[in-house]
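Welcome! Below is a short tour of one protein chain, meant for someone seeing it for the first time. Please keep the structure open beside the text as you read.

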Amino acid sequence: MSHQAPSILLVGAGKMGGALLQGWLDTGLPPSRIAVLDLQPSDSLTALARERGFALGAAPIGLAPDILVLAIKPQMLTDAAPSLGAIGLGRTVLISILAGKTIAELAAHLPVAAVIRAMPNTPAAVRRGITGAFAGPGVTQAQRAMADTLLRSVGAVAWLDGEEQINAVTAVSGSGPAYVFLLVDCLAEAARAAGLPTPLAEQFARATVEGAGALLASEPTVPAEQLRRNVTSPGGTTAAALRVLMEDDVLRNLMVKAVAAARQRAVELAG
């Protein structure tokens, strides 16, 4: 790669692709080095392109990029591959966030130099995501470092030891925000059952989970178990509730079962 910022072609600027794009712009990546390919760009994306000055089109733009970021729906890969391959990708590294598409499958569709698989999650939209990433054969240290920078623009990045771990990451962090939202819903329902009117029940449930998340973020080296103990007085109200939640490890076992089901589905989708 040259000493200037790498050239990037982002294919697909929906929720996740759009979050990545916004993160790059917010962290100072030169818009002149970004091209976005989106078949049906939203009004907000078109306005952002005009405002910030990156190229936006419905077909591949310009020369082959240093980095191709693929953020389309997985089922669109076969249709998109020919036009992308036509621009010549022999020196391009692909960063794919397509769920279920293996490195071997991606390399078979696109003649790129190397492939990195990444699994970000929806909090990337507020730059609080976490991405699991795996570098395939042929990825150089420089390419991995650049991918790390691009992915880190929307949150934390953890590099995996094996591609198969992507399925576990999908089950934990990819699907995980939905588990937390379900917890909020359940907590609000419990608050209503305890006598709070619906607006207050929902306000207290949401604020409690938001605040607990902020405490986790403020104490990155303290285990969650210790944080739980810190708010649990012996013989108090929290201890009474936890006795129910922790009885026979029901909640823990249910979460293990749920993540296992999500992981198995990720394996099935990968073929």
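At what angle do α6 and helix α7 (residues 176–193) pack, and how far apart are their axes? The angle is about 30°, and the axes are 5 Å apart. Axes here are lines fitted to C-alpha atoms, for helices over the stretch in contact, and angles run from 0 to 180 degrees between N-to-C directions. Angles under 35 degrees count as roughly parallel, over 145 as roughly antiparallel, 65 to 115 as roughly perpendicular and the rest as oblique. α6 and α7 are therefore roughly parallel to each other.

Before going further, a word on the model. It is a predicted one, where local features need pLDDT of at least 70 and side-chain atom pairs count only at pLDDT 80 or more, while totals for chains, interfaces and linings use all residues. Residues are numbered from 1 along each chain as its sequence is written, and side-chain values use heavy atoms, with hydrogens and water left out.

**The chain as a whole**

There are eleven helices and eight strands in the chain; helices (H or I, at least four residues) and strands (E, at least two) are DSSP runs, numbered from the N terminus. The C-alpha trace spans about 65 × 40 × 35 Å along its principal axes. Of the 271 residues, 36% count as buried, where buried means under 20% relative accessible area, exposed over 50%, and partly exposed in between (1.4 Å probe, protein chains only).

**Helix α6 and its partners**

Back to α6, this time with helix α11 (residues 250–269). The axes of α6 (residues 165–174) and α11 come within 8 Å and cross at roughly 135°. These two helices are therefore oblique to each other. On the α6 side, the contact (heavy atoms within 4.5 Å) is made by Asn167, Ala168, Thr170, Ala171 and Val172, and on the α11 side by Val259, Ala262, Arg263, Ala266 and Val267. With α7, the contact involves Ala171, Val172, Ser173 and Gly174 of α6 and Gly176, Pro177 and Tyr179 of α7.

**Nonpolar cores**

A nonpolar core is a set of buried Ala, Val, Leu, Ile, Met, Phe, Trp, Tyr and Cys residues joined through side-chain atoms within 4.5 Å. The largest one has 34 residues, and Leu21, Trp24, Phe54 and Ile95 have the most contacts inside it. Helix α1 (residues 15–26) gives the most to this core, with six residues. Another core, of 24 residues, lies apart from it and includes Leu37, Leu68, Leu70 and Ala80.

Phe54 is worth a look of its own. Leaving aside neighbours within four places in sequence, Phe54 is in contact with Leu21, Leu25, Pro31, Ile34, Val36, Leu45, Leu48 and Ala49.

Gly12 is found in the loop between β1 (8–11) and α1. With neighbours within four places in sequence left aside, Gly12 is in contact with Gly17, Leu37, Asp38, Ala71 and Ile72.

Asp248 lies in the loop between α10 (237–245) and α11, and Asp249 lies in the loop between α10 and α11 as well. Phi of Asp248 is near 55°, a positive value in a residue other than glycine; phi of Asp249 is also near 55°. Most residues other than glycine have a negative phi.

| Residue | Relative accessible area | Class |
|---|---|---|
| Gly12 | 9% | buried |
| Asp248 | 65% | exposed |
| Asp249 | 37% | partly exposed |
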